[in-house]
Amino acid sequence: MSLDPSHTQSPHLGLFVSGLCKSYGPVQVLADASFEVRPGEVVALLGENGAGKSTVSNIIAGSTKPDAGSMIWRGKPYSPASPAAAIDAGVGMIHQELKLLPDLSVAENVYVGRLLMRGGRIDRAAMNARASAQLKRLGLDVSPERKVGTLRIAAQQQVEIAKALTLNAELLIFDEPTAALGSEETELLFKQIRKLKAEGMSFIYISHRLDEVAAIADRVVVMRDGRIVARHERADVPVRAIVEQMVGRSVERMFPPLSEPGSEALLEVENLSSPERSFQNVSFSVRAGEILGIAGLIGAGRTELVRAIAGADPISSGSVRVAGKPVHLTGPAAAIKAGVVLVPEDRKAQGVVLDQTIGENLAIGNFDHVAPNGWVFPKAVQKFAEAGIGRLGVKGRPNQAISKLSGGNQQKVIIAKWISRPPKVFILDEPTRGIDVGARAAIYDVIAELARSGMAVVVVSSDLEEVLGLSHRVLVLSRGRQRGILDRSEASNVAVMELATS
Amino acid sequence: MAVSNGASELKAGPNAQAAAGAKLSALFAGTMGPLIGLVLLCLALSLTTDTFLTVRNILNVLDQVTVLGIMAIGMTLVILIGGIDLSVGSVLALAAMVMGFVAHPDHLNLGMPAGIVTALVVAGLCGLVSGLLVTVTRLPPFIATLAMMSVARGVANMITDGSQIIGFPDWFTSLSIIRHFGFLSVTVGLMIVLAIIFAIFLNYRATGRSLYAIGGSAEVARLSGIPVKSLTNWVYAVCGVLAGLAGIVLAARLDSVQPSSGFGYELDTIAAVVIGGASLSGGVGSIGGTAIGVLIIGVLRNGLNLLGVSPFIQQVVIGVVIALAVATDTWRRRAQ
């Protein structure tokens, strides 16, 4: 923090990045990237996965070295040799996956690597006091002696920010800071960013959520294929314009037209409650060919609800009927047998076996189909996999490692896994999380197609646009309670948020 | 029509090739490195000794690895699902002591068949308890089987208060001595048959493939409807039964059973599986690889004996081989 207020006005004090290039082997991931970050402003860096945002931010934060180009930071040439050198120069980065030690206290985390010492012993009192002061500056009332692992993700993120503040950071790079935050927590983060901004700090803000960018950023830089393709002096650029610059083509529509649902109720949920009370007395039904969106803040119980319906978590009371027949929810196997399938929230941990091929991933859970007598022959797996791959247009071959696929294609494999049964109820939890904007439309088309083929579809999403664009009706949860079901005609941003925050 | 037929044929070509490739790579999945190591080892020993490459000596190696080989099959299953079983050495001893106690004329004298069956049941129960400790009590497999290792060893000692039981019927000891068709003892044959059965099971049975899925990601497997808990229980139970069977084979080879037998075998067994290319984090491994791992350990011991290397140096060499085998595997994977 500069003591002389005139410095924050000086044009020489920002970060100037010019002509940065970086290649890995023959692949150029960054070409001639130039932009500036002025003191006291938030610059949003947008682009699809692989556009070069991470490479740029890693270069600025000192963890990657550029092949060419130069930077000027606060009037001096700047080329950090390591993250530590960048931190010494006042540049810090808050990674998407927080880098904290869960079994150490808040204060120890803030001062890790440079614990305060007095007379050869750790000066816990001073550390606690100073960490506490930085947390208060962020408006966070947490004991500095508490173990970080016991804090919620949002609070952990603020410990990271407090850590950067004690390091006298003047430029902070945020990589997808709100990916794990609810909207109240996001609002708190924005408040803190605005406050620090007023004190003269600068921010580079990387996010996939374009609505947030409009709310927090002063300027926008759009990247594609390692190049900067657009610079906007204002943040209130129409979303479609930014998306088109990100994907490099015109986007006709994100959401497919929805077909008229049938009349038969395929999924009927009555007074469903969880043992941990993460949701209580939820009742709804979904007809054949209908898409029901489930909206709510983080922690509202959306994921818990759909996991319970899919048999993944136990319930304490209530009932689920599929096509009129009650389902005894003893586990995922029972739900699958009854025709209820789930595309889980966390693709890498719950959706795919990363060590295995596309074919093997498709065969898991379908051995009754691939191997009717219990004999699994490679040819049968191959045939089954080709059918699934062809049906959903996955860009890959059955014997290719699934870890080599993009997120969108992995998601299609998970959907393809279930599609051949065919299921009666298809549940998708955060179907486009971590998937490029350009690839999302294809997933939406698949979801609409599931409904068109007569399944009852349930979509949980934190992306409100997605829920509104994709659903016939929207069920809103708040703190585990069902606040209402809105029809497509009455569901709007405002209407949903009103219920979600009630 | 003709055009579309031509197109589909064109398509079928690479697909058929890919299928054949997938088959080959499935059989040798992750075992190429260990296989080359085994071949080089055999070559080196053939050149440095006149006795290694004789039928008699090769049959000796097979005899010597039967106990290790049978246990390693069970351990392969456990490691495949991301577990570990430290109790196999103790369960081997317990099963052998139970068999001796039930069958031997000085004790219960109920006959060998009753002894063998009881031994296998007890061994299976030990495995099942380990499995339940993992799936129901949710102990980490390392701790659950460490506990079983101690309990089984203690019970093995309690049966005769620590003393050995000597002398079994001739037909029993001849199982490991008489070589039918001039080369195959019953015990070696048993090991080979078990290896083939379990290789087929893992490669071509839905349940076997499910074990790979569990090891790759237990949560993905569970959400896909695979009964992860019951399969885990089964795998530990089977591993126990195979350890018990190894104890019976050892009894036939030694014509005696003692509560201290099998001490430290769990580490040899784990080493064989890991040298064979299995990953301790689960999801990767095969019976073929384990067979190669078992043979590498067997050939190495045999060869070092032929060369007159002291057993202490042998331990050092085997330690180096374990480190080398796993390190080359890791480097190869990183290079890919």
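1. Let's start where the two chains meet. In this predicted model, 27 residues of chain A are in contact with 24 residues of chain B. On the chain B side, helix H1 (2-27), helix H9 (206-216) and helix H10 (218-223) each supply at least two of the residues that touch chain A. Sorted by class, that side of chain B has 13 nonpolar, six polar and five charged residues.

2. Now have a look at the sheet in chain A. Six strands form an open sheet with mixed pairing, in the order E6-E9-E10-E3-E11-E12. Which strands stand at the edges? They are E6 (91-94) and E12 (227-232) of chain A; each has a single partner strand, so one side of each is left without a neighbour in the sheet. On average, neighbouring strands are turned by 20° against each other, direction ignored.

3. Strand E6 of chain A runs parallel to strand E9 (residues 171-175) of chain A, and four bridges join the pair. Here you can find Ile94(A) opposite Phe174(A) in E9(A).

4. A helix also packs on this sheet: helix H9 (residues 239-247) of chain A touches strand E3 (42-46), strand E11 (219-224) and E12 of chain A. The direction of this helix makes about 30° with that of E11(A).

5. Back to chain B for a record to compare with the model. An unreviewed UniProt entry annotates several stretches of chain B as "transmembrane region", including residues 86-103 and 115-136. In the model, residues 86-103 of chain B are 89% helix and 0% strand, with end C-alpha atoms 27 Å apart. For residues 115-136 of chain B, the values are 95% helix, 0% strand and 31 Å between the end C-alpha atoms.

Notes: Residues are numbered from 1 along each chain as its sequence is written. Chains are lettered from A and ligands numbered from 1 in the order in which they are written. This is a predicted model: local features need pLDDT of at least 70, side-chain atom pairs count only at pLDDT 80 or more; totals for chains, interfaces and linings use all residues. Two strands pair if DSSP finds at least two bridges between them. Axes are lines fitted to C-alpha atoms, for helices over the stretch in contact, and angles run from 0 to 180 degrees between N-to-C directions. Two residues are in contact if their C-beta atoms, placed from the backbone, lie within 7 Å. Ala, Val, Leu, Ile, Met, Phe, Trp, Tyr, Cys and Pro count as nonpolar, Asp, Glu, Lys and Arg as charged, and the others, Gly among them, as polar. UniProt positions are given in the numbering used here, feature names are shortened, and annotations may be inferred rather than shown by experiment.
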